[in-house]
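Let's take a look around a protein chain together. Keep the sequence and the 3D view open as you read, and find each residue as we reach it.

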Amino acid sequence: MSDWFKRKGQRIKSDPAEERRVKTEGVYEKCPECKADLYKGDFEESLHVCKDCGHHFRIGARQRLAMLFDEGKYDELDADVVSHDPLEFIDTKPYKIRLEQARRNTGLPEAVINGRGRIGDFPALVAAMDFSFLGGSMGLAVGEKITRLIERAVRERSCVVIVSQSGGARMQEGALSLMQMAKISAALAMLAEAGLPYISVMTDPTTGGVTASFAMLGDLNVAEPKALIGFAGPRVIEQTIRQKLPENFQTAEFLLEHGMLDAVVDRRELRDWIIRALAFMYTPEVNPQLLKPELPFGNGTGALPEQTPAEQAEKQEQQPEETSEVKG
């Protein structure tokens with residue numbers, strides 16, 4: 001037999017079994033709801049929503065902004081506004097270290113990102129919260145950034161969209177974090193007086209002081225499917241009222257059924273839904289006079305007059321005589 005058909009020397013060396021396995025890390029994503037293996041390309045194309053069961057994965061603030069704005073383009077605002085440590089708080093570790101770790105791990109300056117751009121060619125300012133940054137908690141910086149966004153919208157006559165994803169107020173900042181609830185709510189009252197639309201989008205989870213303030217103050221309050229929305233957790237509520245809570249309590253669908261939401265919108269349809277809403281709500285040519293407190297003897301602008309009521313009355317009595325003398 002020819003040497004061509006003879007095996008010489010050692011047999012071909014085979015690779016170890018673990019090296020012969022097909023590596024799929026980073027290629028597929030497993031759905032926690034239906035356990036389906038989702039190909040990453042299709043998964044990202046569907047905006048991180050399972051095509052089999054519709055489960056909505058959590059997404060980051062920057063992904064959210066890119067998803068909402070036209071062509072994914074926007075200008076980031078107020079990136080320099082970040083939390084410090086006003087109370088010098090320490091639990092198992094100093095609050096300053098927690099902040100540094102959160103910024104390093106997430107690449108975010110804070111738990112909310114502000115963006116300016118256009119949604120369906122409507123001028124819009126969007127604040128997107130991110131749960132990966134200390135549970136999306138609301139501290140001084142988050143309150144300041146959202147307030148600035150709303151005040152900027154009043155000046156520029158833009159629409160406002162706030163996407164909530166938060167565990168509530170940030171405990172490391174104590175009562176200072178709770179004050180942000182009133183601060184943002186007051187800014188939203190100014191937005192309403194200016195006749196500008198505010199759409200609140202609640203995602204999983206939206207809880208605590210965020211739910212108890214700006215998340216529920218939208219002209220339209222909408223949520224993603226099966227999002228957890230509430231103030232306190234269900235276990236705390238059951239222990240307080242000593243009753244068993246209904247099935248699906250604190251889900252977006254439950255709140256919609258009981259009149260707490262205007263709509264539950266699939267993430268893949270959310271941008272088009274917002275565009276249709278803004279087309280109905282946004283009227284840039286309307287510029288109503290902001291409400292101002294009227295004093296009993298004021299000048300209609302809310303400012304104190306330079307003269308007392310007696311001096312004003314005396315001046316009005318003398319005015320006709322002075323005018324006739326000038327004409328004469």
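## A pair that spans the chain

Let's start with R58, which forms a salt bridge with D204; their closest N and O atoms are 3.3 Å apart. (A salt bridge here is a side-chain nitrogen of Lys or Arg within 4 Å of a carboxyl oxygen of Asp or Glu.) This pair links distant parts of the chain, 146 residues apart: R58 sits in the loop between helix 2 (40-45) and helix 3 (61-68), while D204 belongs to strand 7 (residues 198-206). Helices and strands are DSSP runs numbered from the N terminus, with helices (H or I) having at least four residues and strands (E) at least two.

Are these two buried or exposed? R58 is partly exposed, with a relative accessible area of 45%, and D204 is partly exposed too, at 25%. For these labels, buried means under 20% relative accessible area, exposed means over 50%, and partly exposed is in between, using a 1.4 Å probe and protein chains only. D204 has another feature: a cis peptide bond joins D204 and P205, with omega about -10 degrees. P205 also lies in strand 7.

## Where the model comes from

This is a predicted model, so local features need pLDDT of at least 70 and side-chain atom pairs count only at pLDDT 80 or more, while totals for chains, interfaces and linings use all residues. Residues are numbered from 1 along each chain as its sequence is written, and side-chain values use heavy atoms, with hydrogens and water left out.

## The whole chain

Now zoom out. The secondary structure of the protein chain comes to eleven helices and nine strands. The chain has 328 residues, and buried ones make up 40% of them.

What about contacts, meaning heavy atoms within 4.5 Å? Of the contacts in the protein chain with a separation of 6 or more, 68% are between residues 24 or more positions apart.

## Two helices side by side

Next, find helix 5 (residues 140-156) and helix 6 (residues 174-193), whose axes come within 9 Å and cross at roughly 5 degrees. That makes helix 5 roughly parallel to helix 6. Axes are lines fitted to C-alpha atoms, for helices over the stretch in contact, and angles run from 0 to 180 degrees between N-to-C directions. Angles under 35 degrees count as roughly parallel, over 145 as roughly antiparallel, 65 to 115 as roughly perpendicular, and the rest as oblique.

Which residues make the contact? On helix 5 they include L140, E144, I146 and I150, and on helix 6 they include L176, K183, I184 and L188.

## More salt bridges

Two names from that contact, E144 and K183, also form a salt bridge, with their closest N and O atoms 2.5 Å apart. The pair links distant parts of the chain, E144 in helix 5 and K183 in helix 6, 39 residues apart. E144 is partly exposed at 24% relative accessible area, and K183 is partly exposed at 31%. They belong to a network of salt bridges that links D78, E144, R148, R152 and K183.

How many salt bridges does a search of the whole structure find? The search finds 19. Another one joins D91 and R98, where the closest N and O atoms are 2.5 Å apart. D91 counts as partly exposed at 30% relative accessibility, and R98 is partly exposed at 23%.

K226 has a positive phi of about 60 degrees although it is not a glycine. You'll find K226 in the loop between strand 8 (220-223) and helix 8, and K226 is exposed, with a relative accessible area of 55%. R242 is another residue other than glycine with a positive phi, near 55 degrees. Its place is in the loop between helix 8 and helix 9, and R242 counts as exposed at 74% relative accessibility.

F249 lies in the loop between helix 8 (234-241) and helix 9 (252-257). F249 is partly exposed, with a relative accessible area of 26%. Leaving aside neighbours within four places in sequence, F249 is in contact with I237 and F254.

How values were computed. Contact = heavy atoms within 4.5 Å.
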